[in-house]
Amino acid sequence: MANHLGLARISTRIIARSPMLPECQLFGTLGCHLCEQAEEVLMPLVEHGLLVELMDIAERSDWVELYGLRIPVLRRVDNGAELDWPFEAEQVVSFLQAAAT
């Protein structure tokens, strides 16, 4: 429970310092327990304004080839940077704060 409160504080600081968070995509698939864990890590950030689109790799063969052994993968839409699982809230915060390249 303290973990969730800590995540909320981290995400609130992101919102306060960043006028606009980068939109992200979370590549995964149905029935993937790691993907569900990644969603749990991201949820406090989503509740504070982060936009995350869930992308089911089963919809496209090129996604299966690219992400099939790596899911879940968080991808920034603005610069294409990717963060592979496992990741914690602090890693996501750093990933979101990184300048677009």
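**View 1. Cys-35 is a buried cysteine in this predicted model.** Its relative accessibility is 4%. The cut-off for buried is under 20%, so Cys-35 falls within that class. Cys-24 is buried too, with a relative accessible area of 0%. For background, a disulfide is a covalent bond between the sulfur atoms of two cysteines.

**View 2. The largest pocket holds about 180 Å³ of space.** Its lining is made of 13 residues. Closest to the pocket centre are Gly-28, Thr-29, Leu-30, Glu-39 and Leu-54. Which elements give two or more residues to this lining? They are strand E1 (24-28), helix H2 (33-46) and strand E2 (52-56). Sorted by class, the lining has 7 nonpolar residues, 3 polar ones and 3 charged ones. How can such a space be found? Rolling a probe the size of a water molecule over the atoms shows where empty space is left.

**View 3. Leu-51 sits in the loop between H2 and E2.** Is Leu-51 buried or exposed? Leu-51 has a relative accessible area of 54%. Exposed means over 50%, so Leu-51 counts as exposed.

View 4. Cys-24 is the buried cysteine from View 1, at 0% relative accessible area.

Note on methods: Residues numbered from 1 in each chain as written. Predicted model: local features only at pLDDT ≥ 70, side-chain atom pairs only at ≥ 80, totals over all residues. Heavy atoms only, no water. Buried < 20%, exposed > 50% of the residue type's maximum accessible area, 1.4 Å probe, protein only. 1 Å grid on protein atoms, 1.4 Å probe; cavity = no way out; pocket = protein on both sides within 12 Å on 5 of 7 lines; lining within 4 Å. Points joined across faces, edges and corners; volume = space filled by probe spheres on them. Helix = DSSP H or I, 4+ residues; strand = E, 2+ residues; numbered from the N terminus. Nonpolar A, V, L, I, M, F, W, Y, C, P; charged D, E, K, R; others polar.
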